[in-house]
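Hello,

Here is the structure I promised to hand over. Please open it first, then read the notes below.

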Amino acid sequence: MTPSASSHRTTIRTVLAWHRPLSVNVVLMAALVLVATVGLFVDDRVLLNESVWVKPWKFGFAFAAYSATLAWLLTKLTKARRFGWWLGTAFAVFGTFDVAAIALAAARGTFSHYNAQEDVFNRLVQTVFEYGVPPLLLSNLVIGVLVLVQRTGDRALSWALRAGLALSTVGMAVALMLIPLSDVGEGHTVGDANGDQVPMSAGHGIGDPDGTGMPLTNWSTTGGDLRVPHFIGLHGIHVLLAVVLTLAALAPRHVWLRDERVRTGLVGAVALGYGGLFAVTTWQAARGQSLVHPDSATLLALAGVALVTVAAGLAAVVSGRRRAARARRELAAVA
């Protein structure tokens with residue numbers, strides 16, 4: 001067997017060892033992304049000035065990325081692996097049902113979230129959300145606790161996973177926590193893709209619930225939007241894992257980065273800054289302010305987050321370079 005063939009088979013065995021239900025969820029979400037992509041081009045129906053297929057596309061992509069991360073992460077657990085497997089299965093099952101409800105509502109040309117219509121189909125969709133979203137939050141939270149109490153790699157990776165799972169959990173929960181701040185009142189309706197006026201129980205927007213949206217994300221440009229911190233928190237784990245991989249790739253060329261303490265410190269600095277960004281954008285949305293129109297208070301808070309992040313990162317780099325220089329001097333003295 002050639003080395004390349006052996007490496008290929010090893011990669012296949014590694015992927016197959018990932019959490020099976022979550023892996024199936026990834027495949028289903030990828031299929032939805034393909035279907036939704038086709039829908040973007042062949043279906044001209046719109047909801048709030050965007051294609052009815054944009055929302056299924058975004059949720060399919062987000063769940064595919066997150067479920068793949070969890071499927072890999074659960075293979076790293078050294079304790080309570082069986083319990084972790086059941087938690088991952090719960091996330092996969094409820095996540096599949098939740099996104100399926102979103103896709104079916106989109107196919108019908110109507111709203112999935114906050115839809116207060118009394119027809120049988122919408123009551124089914126809202127029931128799926130009512131009983132499907134809490135298990136997602138709970139399973140993700142408990143997986144985060146499992147990761148917190150054990151090491152799943154070197155310290156940099158372990159802290160990236162811990163901080164990332166914490167961010168994703170609060171990111172999932174933030175929309176639910178801020179729903180009472182929405183300005184949608186009794187009798188508020190929005191036109192769907194079929195020309196019907198749909199009663200809404202809440203909304204993503206604060207200050208202007210039906211505000212003008214940005215391209216692709218549809219985040220409001222005229223008011224606060226709960227989806228901004230939701231997105232930032234949910235994908236924090238991917239950002240931190242990218243930082244870990246980048247530092248590992250740079251370590252062979254920079255001696256001071258081979259120090260696990262330096263990489264851990266840099267990951268901690270990024271996690272601190274990313275958490276600060278999440279907090280500021282949540283505060284900004286809660287005040288009814290659009291992401292693209294920050295006031296002086298928001299800019300000052302972001303500047304403070306940036307300064308603290310840079311200071312923490314520089315402290316990790318400086319201490320690492322000093323230790324590396326000291327090690328070189330000691331080695332030269334011995335030689």
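By class, the lining of the largest cavity has six nonpolar, six polar and one charged residues. (Ala, Val, Leu, Ile, Met, Phe, Trp, Tyr, Cys and Pro count as nonpolar, Asp, Glu, Lys and Arg as charged, and the others, Gly among them, as polar.) That lining has 13 residues, and Asp-225, Val-228, Gln-289, Ser-290 and Leu-291 lie nearest the centre of the cavity. A cavity here is a set of points on a 1 Å grid over the protein atoms alone, where a 1.4 Å probe fits but cannot get out; lining residues have an atom within 4 Å of a point.

The model is predicted: local features need pLDDT of at least 70, side-chain atom pairs count only at pLDDT 80 or more, and totals for chains, interfaces and linings use all residues. Residues are numbered from 1 along each chain as its sequence is written, and side-chain values use heavy atoms, with hydrogens and water left out.

Back to the cavity. The structure holds one cavity of 30 Å³ or more. The volume of the largest cavity is about 50 Å³, taken as the space filled by probe spheres set on the points, with grid points joined across faces, edges and corners. Three elements each supply at least two lining residues: β6 (224-225), α7 (227-234) and α9 (260-286). Helix α9 gives the most, with three residues. Helices (H or I, at least four residues) and strands (E, at least two) are DSSP runs, numbered from the N terminus.

Asp-225 also takes part in a salt bridge. Its partner is Arg-227, and the closest N and O atoms are 2.8 Å apart. A salt bridge is a side-chain nitrogen of Lys or Arg within 4 Å of a carboxyl oxygen of Asp or Glu. Asp-225 counts as buried because its relative accessibility is 4%. Buried means under 20% relative accessible area, exposed over 50%, and partly exposed in between (1.4 Å probe, protein chains only).

How many salt bridges does the count come to? It comes to seven. One of them pairs Arg-263 with Asp-154, with the closest N and O atoms 3.3 Å apart. Arg-263 lies in helix α9 and Asp-154 in the loop between α5 and α6 (155-178), so the pair ties together parts that are 109 residues apart in sequence. Arg-263 is buried, at 13% relative accessible area. Asp-154 is partly exposed, at 27%.

Another salt bridge joins Arg-323 and Asp-259, with the closest N and O atoms 2.8 Å apart. This pair links distant parts of the chain: Arg-323 is in helix α10 (residues 296-334), Asp-259 is in the loop between α8 and α9, and they are 64 residues apart. Arg-323 counts as partly exposed because its relative accessibility is 22%. Asp-259 is buried, at 18%. Salt bridges that share partners join Asp-259, Arg-261 and Arg-323 into one network.

Now the surface. Leu-138, Leu-141, Val-145, Leu-148, Val-149 and Trp-159 form a nonpolar patch with about 580 Å² of accessible area together. Patches are made of residues with over 30% relative accessible area and no salt bridge; like charges are joined within 9 Å, and nonpolar side chains (Val, Leu, Ile, Met, Phe, Trp, Tyr) within 5 Å. The areas come from the Shrake-Rupley method with a 1.4 Å probe; for residues, only the protein chains shown count as cover. Helix α5 (residues 120-148) provides the largest share of the patch, four residues. Leu-141 lies in that helix and is partly exposed, with a relative accessible area of 44%.

Gly-84 sits in helix α4 (residues 81-107) and is buried, at 1% relative accessible area. Gly-84 and Ile-143 are 59 residues apart along the chain, and their C-alpha atoms are separated by 6.5 Å. His-235 lies in the loop between α7 and α8 (236-250) and is buried, at 13%. His-235 and Ala-62 are 173 residues apart in sequence and 8.3 Å apart in space, C-alpha to C-alpha.

Last, the backbone. Leu-48 is in the loop between β1 (46-47) and β2 (50-51). Its phi is near 50 degrees, a positive value in a residue other than glycine. Leu-48 is partly exposed, at 37%. Asn-49 is in the loop between β1 and β2, with a positive phi near 70 degrees. Asn-49 is exposed, at 78% relative accessible area.

Best wishes

Methods
1 Å grid on protein atoms, 1.4 Å probe; cavity = no way out; pocket = protein on both sides within 12 Å on 5 of 7 lines; lining within 4 Å.
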